[in-house]
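Let's take a friendly walk through a protein model. Have a look at the structure below and keep it at hand while you read.

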Amino acid sequence: MKQPVIKEFGRVKNGQEAKLYILENETGASVCVTDFGAALVSLKVPDKNGSLTDVVLGYDDAAGYEAGTASFGAPVGRSANRIGGASVEINGVLYELEKNDNDNNLHSGTNYYNKRFWKMKEICGGKVIFSLHSPDGDQGYPGSLDMEVTYELTEDNEVRMSYHAVPDADTVINMTNHSYFNLNGHDSGDILGHAVTMDADYFTRANAQSIPTGEYVDVTGTPMDFRNGRVLGAEIDADYEATKLGCGYDHNWVLKNEGKFVKVAEAAGDKSGIVMEVSTDLPGVQIYTANFLDREPGKGGVSYPRRAAVCFETQYFPDAVHHANFKSPIVKAGQAYDTQTSYRFLVKK
């Protein structure tokens, strides 16, 4: 592993300067992350021709991340995805959250983790660790904690993302990474030709506001069946409730990993030959096909169109706090929250 490099990454509105931390392995693959939002800025891996290709959408500097609304590369917390009614009851106490998605709470409201500076706690070899203090009452949640996010690049082109926190009161914790992947290159247009495979027999049905009903729906015979591989564009606009309500794919799939860290999904770029394997110990993954991007200004002067990327947001199920049949994202006081997700890159020629 090569020595990490630290560069300036511009200033945000209050004048504070951000840093960019660059990890590179011996194959030339690299990961760039910033202390502003602890966001993943770029991820370069070899394509079928051996050329390094940046496979994540992003911005050129910290100001871009401050202004951006798409959560590119963001570690989302304290609770990712949606909580219906923007409230949660813990130990008989009702906590009101911000209503920033109709009458619901999305990604913990607009006081986002990814709009704050994180402390760079450690950097060595292929690993960088960021820490963020989240006080009691932050975003409406009880309990204080120090959230740690670790990015690690291995020599076999795997990017591992680990999360650790110990709250001092019972609270909700459901972290994810919101990277937008285009395996043909971040500047290559849409991802409708990408093929996705996923080991999931069910997805969680959701209403028109993307709040789960509590039902598990069998994927058999539907556009949601990725068990044997499916090109994203094949039925993304099918006359089917889920794809119609989500304006494409934007749902949570029920994984079969039983809390073990295993491979759960795979995506393949149709032009680059780059294949990405997704592994996690979490019970669900939200596949989102960037249905609401609209010429978002990005890196290198690129304008990202609708469906320019696909996200694999590993997670506890959306609105799990209101469904007894969903695994609970509530972490007890003094209990360690530890979870890991990885993206491993290979080439199929």
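Predicted model: local features only at pLDDT ≥ 70, side-chain atom pairs only at ≥ 80, totals over all residues.

**A buried strand.** Start with strand S23, residues 274-280. Here 7 of the 7 residues are buried, meaning under 20% relative accessible area, so S23 is largely enclosed by the rest of the structure. From this strand, Ile274, Met276, Val278 and Thr280 point one way, while Val275, Glu277 and Ser279 point the other way.

Which strands are joined to S23? The table shows two of its pairings.

| Strand joined to S23 | Bridges | Direction |
|---|---|---|
| S22 (residues 262-268) | 6 bridges | antiparallel |
| S29 (residues 337-347) | 7 bridges | antiparallel |

The hairpin of S22 and S23 has 5 residues between the strands, and its Gly273 takes a positive phi near 80 degrees.

**An open sheet.** Elsewhere, 5 strands form an open sheet with antiparallel pairing, in the order S19-S18-S21-S24-S27. Strands S19 (212-218) and S27 (311-315) are the edges, each pairing on one side only. On average, neighbouring strands of this sheet are turned by 30 degrees against each other, direction ignored. Within the sheet, S18 (residues 202-206) and S21 (residues 250-254) pair over 2 bridges, and Tyr202 has Val254 as its bridge partner in S21.

**The largest pocket.** This pocket holds about 530 Å³ of space. It is lined by 24 residues, and the closest to its centre are Thr69, Ala70, Leu106, His107 and Tyr180. By class, the lining has 7 nonpolar, 10 polar and 7 charged residues.

Terms used:
Residues numbered from 1 in each chain as written. Heavy atoms only, no water. 1 Å grid on protein atoms, 1.4 Å probe; cavity = no way out; pocket = protein on both sides within 12 Å on 5 of 7 lines; lining within 4 Å. Points joined across faces, edges and corners; volume = space filled by probe spheres on them. Nonpolar A, V, L, I, M, F, W, Y, C, P; charged D, E, K, R; others polar. Pairing = 2+ DSSP bridges. Helix = DSSP H or I, 4+ residues; strand = E, 2+ residues; numbered from the N terminus. Axes fitted to C-alpha atoms, helices over the stretch in contact; angles between N-to-C directions. Buried < 20%, exposed > 50% of the residue type's maximum accessible area, 1.4 Å probe, protein only.
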